[in-house]
Amino acid sequence: MLKNADRKFKLGMHSYTLHLSGFGESWGFQSEGKTYAFEKTMNLDDLMDLAVKEGIEVLHITLVDLDNDTSAEHLAAVKANAEKHGLDLELNISFNAPSDPRVNATIKEALEVGHAVGAKLVKFSTDVAHPHPISHACMCPEAMEQIAKIVMDFKRNIPTIEKYGMKIAIENHCDLFSDEVIYMVEQLHHPLIGACCDTINSLVMAEGIEACVRKMAPYSYCVHFCDNRIFADPDGTHSLGCAIGDGDVDVAEIMKILREQAPPELDTIDLEIELPLSGYSIEEGRRLEIDEMRKSVKFMKEKLGIGIK
């Protein structure tokens with residue numbers, strides 16, 4: 001019998017799920033060294049309204065969603081609005097995002113913003129650069145030199161982490177192997193510091209999905225829950241985002257692993273979808289994002305038993 005088979009999680013959503021509508025982070029159409037941003041079609045208040053309507057309990061947001069307005073007045077208003085909506089907030093931060101610098105902050109800056117909006121967790125993408133070939137670059141000297149500096153920076157900020165009592169999660173973004181994330185968490189060795197397991201990012205680092213989740217689950221305080229269609233054609237091998245349950249990730253098995261092995265600090269599963277950018281107009285893409293989000297929420301609630309309310 002599966003241990004913790006009835007374990008409950010709140011249903012969260014990474015705002016990047018609606019990135020064509022200007023939320024989360026703009027990615028995928030940078031060129032000639034220039035960055036571009038999708039036009040915002042809604043604001044954070046609208047997103048909170050939508051979350052409540054769709055039965056989402058936690059919003060995983062970025063500085064883009066805050067309009068990069070980190071004034072005390074604005075952050076206090078965001079906190080109050082989330083409380084009014086009955087929503088928990090998580091903050092997503094990058095150190096050096098390659099395509100949208102609006103999401104970047106230092107650890108200290110992120111902790112101050114997270115505390116001001118009442119976030120229960122701050123998630124970090126480290127943007128560590130690996131040399132090629134990536135497939136055998138795990139914990140190579142070039143990466144470990146960067147990782148050591150990041151670990152020391154987190155150590156310097158532990159007093160603030162303890163002061164605010166927020167959980168910290170280091171992600172296997174498209175830049176860290178699972179073993180590297182685990183190494184960082186173990187080096188920091190603090191009850192408020194864990195990992196963020198993204199269930200599709202391992203493919204970028206040539207890691208298997210299930211193997212990565214099994215490694216990271218015992219350390220995971222945050223989960224980006226994704227499903228992708230994976231296929232090959234004459235143009236190569238592709239991994240395309242889709243609604244949860246429509247792809248080639250065994251999402252039911254992933255949830256079994258998380259229910260059985262994740263620590264009690266993991267209390268939320270964050271839906272994340274990254275739909276292809278081609279094949280439709282931007283207006284069609286925005287409508288499709290909403291449709292696929294709703295389809296995913298329904299699947300996660302009814303088939304995977306995710307959600308408290």
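Visitor: Which residues in α7 and α8 meet?
Guide: This is a predicted model, to start with. On the α7 side they are Ile 209, Glu 210, Val 213 and Arg 214. They meet Glu 253, Ile 254, Ile 257, Leu 258 and Gln 261 in α8.

Visitor: How does that contact divide by class?
Guide: Five residues are nonpolar, one is polar and three are charged.

Visitor: And at what angle do α7 and α8 pack?
Guide: About 15°, with the axes 9 Å apart. Helix α7 covers residues 209–216, and helix α8 covers 251–261. Because the angle is under 35 degrees, α7 is roughly parallel to α8. The crossing is right-handed.

Visitor: OK, what about α1 and α2? What are their angle and axis distance?
Guide: They pack at about 15°, and their axes are 10 Å apart. That is residues 44–54 for α1 and 72–85 for α2. So α1 is roughly parallel to α2. α1 passes α2 in a right-handed crossing.

Visitor: Next pair. At roughly what angle do α4 and α6 cross?
Guide: Roughly 35°, and their axes come within 10 Å. α6 is residues 178–188. This crossing of α4 and α6 is right-handed.

Visitor: Who meets whom in α4 and α6?
Guide: From α4, the residues are Ala 143, Met 144, Ile 147, Ile 150, Val 151, Phe 154 and Lys 155. From α6, they are Glu 180, Tyr 183, Met 184, Gln 187 and Leu 188. The contact holds nine nonpolar residues, one polar and two charged.

Visitor: Switching to the core. Which residues touch the most other members of the largest one?
Guide: Leu 59, Leu 66, Phe 225, Leu 258, Ile 269 and Met 300. This largest nonpolar core has 83 residues. Helix α4, residues 141–156, gives the largest share, six residues. A second, separate core has five residues, including Leu 121, Cys 196, Tyr 221 and Cys 222.

Visitor: Zoom in on Leu 59. What does it touch?
Guide: Leaving out residues up to four places away in sequence, Leu 59 touches Met 13, Leu 47, Met 48, Ala 51, Leu 87, Asp 88, Leu 89 and Glu 90.

Visitor: And Ile 306: buried or exposed?
Guide: Buried, because its relative accessibility is 1%. Ile 306 sits in the segment after α9. Lys 8 is 298 residues away from Ile 306 in sequence, yet the C-alpha atoms are 6.5 Å apart. Contacts of Ile 306 include Phe 9, Leu 11, Met 255, Arg 259, Ile 269 and Met 300.

Visitor: Which residues have a positive phi without being glycine?
Guide: Asp 127 is one of them, with phi about 60°. Met 139 is another, with phi near 60°. Asp 127 is in the loop between β4 and α4, and Met 139 is found in that loop too.

Visitor: Why does Asp 127 count as buried?
Guide: Because its relative accessibility is 17%, and the cut-off for buried is under 20%. Met 139 counts as partly exposed, at 35%.

Note on methods
Residues numbered from 1 in each chain as written. Predicted model: local features only at pLDDT ≥ 70, side-chain atom pairs only at ≥ 80, totals over all residues. Heavy atoms only, no water. Core = buried A, V, L, I, M, F, W, Y, C linked by side-chain atoms within 4.5 Å. Buried < 20%, exposed > 50% of the residue type's maximum accessible area, 1.4 Å probe, protein only. Helix = DSSP H or I, 4+ residues; strand = E, 2+ residues; numbered from the N terminus. Contact = heavy atoms within 4.5 Å. Axes fitted to C-alpha atoms, helices over the stretch in contact; angles between N-to-C directions. Parallel < 35°, antiparallel > 145°, perpendicular 65-115°, else oblique. Left-handed = near helix turned anticlockwise from the far one by under 90°. Nonpolar A, V, L, I, M, F, W, Y, C, P; charged D, E, K, R; others polar.
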